[in-house]
Amino acid sequence: MLKLQNVSFSYQNMPVLRQLSLNLASGDRIAIMGPSGRGKTTLLHLMAGLYTPQEGTVEGVPSQGVAMVFQENRLLPWLTLEQNVLLPVPEKKLEARRLLERLGLSGWEDRYPGELSGGMARRGAIARALLFDSPLVLMDEPFQGLDEKTRAAAAEVVLDYTRNRALAAVVHDPSEVKLLEAMVFDLTSQDDLCSVPKAGIPFDEK
Amino acid sequence: MRASITLAEPGKRKTPLPSRVMAAAFWLLVWQGAYWAVGKDLILVSPLTCLERLLALMVRPDFWGIVAGSLGRILAGFFLGLVLGILIAAATARWQFLYPLFSLPMNIIRATPVASFAILALLFLSGPGFSIFIAFLMVLPLVWSNVHEGLTHLDPQLLEMARVFRLPRSAVLKQIIFPSTLPYLLSAVRVGLGFCWKAGVAGEVIAIPANAIGTQLYNAKVYLETGDLFAWTAVIILLSMALEQCAVWLLDRGAKRLHLQKEGKGC
């Protein structure tokens, strides 16, 4: 579905990604890992079609849009939690309620982002992405600010909603790789051509 | 992300009512003292005479027609400036090459004294159109600069989010652009209303249209009716305060409706 071929990306003269290749098919899950500044977020932005690579190609970005959880929540402060979740899919009101309930946000639907805790707003951003119909789900540190129990519950919901979709998530904590049942896509060394899932290493085998 | 736009709550630091009454009483006493010192009704009337004349004017059959005439014309100029200011701001924010083209005349309009415009405008405008034009000129650059500022300070992260989720253009306009720009627009409305009201009345004094407060001010001056001059000035002040209150109410209501006063801690 999504195909990155020999992609290189630099910020001004600072190369961040070099000759990177990646195939992501429906049902694939990858956990993008690597030290800070290695281009994890940049890679997600390339996959979302927000950035254009200086070299190489990105093919298969869904035309209907990408379900994305950004590093920041990017909720509209003047809309309630439910309105934010429904923003890209206004017709899914019933499903939004169910999803918010599963994420432990029942009773908070009519609150504004400014009235929510950081963890609640984060789950709101996750709900908005999961509710959006796109075969590609991208998440940048989706569980930041969530405690262990909430993280596990949220990961379970993410798994349920991404069974038949391609998922790429930037994570820092190896335990999150396990929670997402994902293959690791490590950006620590980018010299080799990478391909997922072929070149991906399941977390348990690492 | 934090809610990037916050509005100062109007009236939050309101002076307590007793203090305001005391201040008003003090200045009325100063006025009365000045009246006693001058001792000539032709130059300075007492607060009581001013009130008497005001009450007498209010029962005059043409009073409300005059007030409505001035309000109508000045508000027409205000809304004309508001609409055109928004349209030009949308164009200059969308197409950057238009910015220098419009910023030059806008800055000239802003820097030019009302009297210069009034005298120039008298050459081709007369009567009611004159004060509409003056009010329009006062509010146009203000609305343009504020709305342009708002449109060029849209949160790029929210726009990026809208792009990723392929939000329709109408949704971006309604849910992101409009709420983000509204505080800038409301601030222009608040300042612009009082501003164009005073300039509009000044324009009426020069153009002397029928059914206008400015014309009444001019007549009072010509016929040395100092009591009427003070009473009409009081009408202008009261209407200016009422317009200001309307603008504050609008501002408050708009901000509350959009929850712009809340500092987002988790968004």
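Analyst: A:Arg74 is a buried residue, with a relative accessible area of 4%, where buried means under 20%, exposed over 50% and partly exposed in between (1.4 Å probe, protein chains only). The model is a predicted one, in which local features need pLDDT of at least 70 and side-chain atom pairs count only at pLDDT 80 or more, while totals for chains, interfaces and linings use all residues. Residues are numbered from 1 along each chain as its sequence is written, chains are lettered from A and ligands numbered from 1 in the order in which they are written, and side-chain values use heavy atoms, with hydrogens and water left out.

The partner of A:Arg74 is B:Glu160, and the two side chains meet in a salt bridge at 2.6 Å, N to O; such a bridge is a side-chain nitrogen of Lys or Arg within 4 Å of a carboxyl oxygen of Asp or Glu. B:Glu160 lies in helix α7 (residues 156–164) of chain B, whereas A:Arg74 sits in the loop between β5 (67–69) and α2 (81–86) of chain A, so the pair joins two chains. Here helices (H or I, at least four residues) and strands (E, at least two) are DSSP runs, numbered from the N terminus. B:Glu160 also counts as buried, at 18% relative accessibility.

A:Arg128 is buried yet has no salt bridge, and the nearest side chain of opposite charge, A:Glu72, is 8.5 Å away; Lys and Arg count as positive and Asp and Glu as negative, with His and the chain ends not counted.

Within chain A, A:Glu82 pairs with A:Lys93 in a salt bridge whose closest N and O atoms are 3.9 Å apart. This pair links distant parts of the chain, with A:Glu82 in helix α2 and A:Lys93 in helix α3 (residues 93–102), 11 residues apart. A:Glu82 is buried at a relative accessible area of 6%, while A:Lys93 is partly exposed at 47%. A:Arg97 and A:Glu109 join A:Glu82 and A:Lys93 in a network of salt bridges.

For context, a search of the whole structure finds 14 salt bridges over all chains.
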